[in-house]
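Please work through each one with the coordinates open before reading its solution.

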Amino acid sequence: MSDAILSVSFAGPHVSIQDGGRYGLMRYGVPASGPMDRLSFAAANVALGNPANAPGIEISMGGLVLQCLSGTVSFAVAGGGFIVDHADQKRGAWTVATLAAGEKLAIRPGPWGSWSYLTFAGALQTPTWLGSASTHMLSGFGGGRLSAGQQLTVGDATRREEREGDIPCPVCARPRSEVRVVLGPQQRFFGAPSIAAFRSGTWRMTDAWDRMGVRLAGPVIAPDAPLDMPSEPIVRGSVQVAGDGVATVLLADHQTTGGYPKIATVLDCDLDAFVQLRPRDPVAFRPVSAAEAVSVARSAAMKLTTYYQAIAKPKGTLDQRLMRENLVGGVVDAVA
């Protein structure tokens, strides 16, 4: 094994290094950060045989172009339906392949999705902040944003031929036009018409988004009570409404406390599909009870565990795969 050296030829906005995040530090006021789409990020690592939270690259719709200067390293791409242009051959995302010296790798938006993830068979060398490589985009702390001219090093880079090929893309990874929510914790700040509008209104994603959150276009649901609540802890998926009546869904880099009322909270297991929606895509909110939310979350977790276990199994080298195929089917007796 040896290092692979990669050069960043182009990096769109919001392209950064992420890992599993720093959730244990939120009690100190430190945002967890981590990938916007945690399911796809973990899939890209697990399919390569890496730990699910190993550092990788999060790619926005701006895209990313890398040049391999030296070494050979297998890589995985998962997330949105992006287009992978590798060594002048185009393929879809949800794939494992190998990048060699002199080859170019470009990852650009395809037919669906807003975020894609690139991981490597080796240790991506990156700065850390408070024990995590995850980048907090507003401050730049963590592994950092990627920019043209930057060089990346993958330590102990290897080719994992036995893992090359397609990664199954689960249905739950696709963008979802309806997400489940639990109302509250501050629905008391909103009158019955606003609650009804939230539940049944037509909402759309907007261009006003970043890793901290996304503002939604839809009914005005301004609170009808004085905004005198004290600041309190916030979780990813909170649907926060300021005095202008605009709903905002808080995401990976959300602040840890806030004083605006939250009309609802998106179920955590629906958030990965939610963030893959694009600007102007429609979305609806379907309220469920707290008990239903627990049941849904447990079921989703079990299904994901089964999925990760399946893609963690190596496919085998080319020779091994050929040996498993019936390559002599249809042979006839020439004497008969």
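A salt bridge is taken here to be a side-chain nitrogen of Lys or Arg within 4 Å of a carboxyl oxygen of Asp or Glu. The model is a predicted one, in which local features need pLDDT of at least 70 and side-chain atom pairs count only at pLDDT 80 or more, whereas totals for chains, interfaces and linings use all residues. Residues are numbered from 1 along each chain as its sequence is written, and side-chain values use heavy atoms, with hydrogens and water left out.

**Exercise 1. Salt bridges**

Task: Determine how many salt bridges the rule gives, and describe the pair formed by Glu164 and Arg159.

Solution: The count comes to 12 salt bridges. In the pair of Glu164 with Arg159, the closest N and O atoms are 2.9 Å apart. To place Glu164, one needs the classes of accessibility: buried means under 20% relative accessible area, exposed over 50%, and partly exposed in between, with a 1.4 Å probe and protein chains only. Glu164, at 16% relative accessibility, therefore counts as buried.

**Exercise 2. Pairs across the sequence**

Task: Locate the partners in the salt bridge of Asp253 with Arg211 and in that of Glu232 with Lys262, and state whether each residue is buried or partly exposed.

Solution: Begin with Asp253 and Arg211, whose closest N and O atoms are 3.0 Å apart. This pair links distant parts of the chain, since Asp253 lies in the loop between β17 (247-250) and β18 (257-258) and Arg211 in the loop between β13 (203-209) and β14 (213-217), 42 residues apart. The strands are DSSP runs (E, at least two residues), as helices are (H or I, at least four), numbered from the N terminus. Asp253 is buried with a relative accessible area of 4%, and Arg211 is buried with 1%.

Next, the side chains of Glu232 and Lys262 meet at 2.9 Å, N to O. Here too distant parts of the chain are linked, with Glu232 in strand β15 (residues 232-233) and Lys262 in strand β19 (residues 262-266), 30 residues apart. Glu232 is partly exposed at 23% relative accessibility, whereas Lys262 is buried at 1%. Finally, a network of salt bridges links Arg38, Asp268 and Asp272.

**Exercise 3. Aromatic rings**

Task: Classify the pair of Phe198 and Phe285 and that of Tyr307 and Tyr308.

Solution: Rings of Phe, Tyr and Trp (its six-membered ring) pair if their centres lie within 6.5 Å, and planes under 30 degrees apart count as stacked, over 60 as edge-to-face and the rest as tilted. The structure holds seven aromatic pairs. Among them, Phe198 and Phe285 are stacked, at 4.8 Å centre to centre and with 15° between the planes. Because Phe198 lies in helix α2 (residues 192-200) and Phe285 in strand β20 (residues 282-287), the pair ties together parts that are 87 residues apart in sequence. Phe198 is buried at a relative accessible area of 0%, and Phe285 is buried at 3%. The rings of Tyr307 and Tyr308 have centres 5.7 Å apart and planes at 50°, so this pair is tilted. Tyr307 is buried, with a relative accessible area of 13%.
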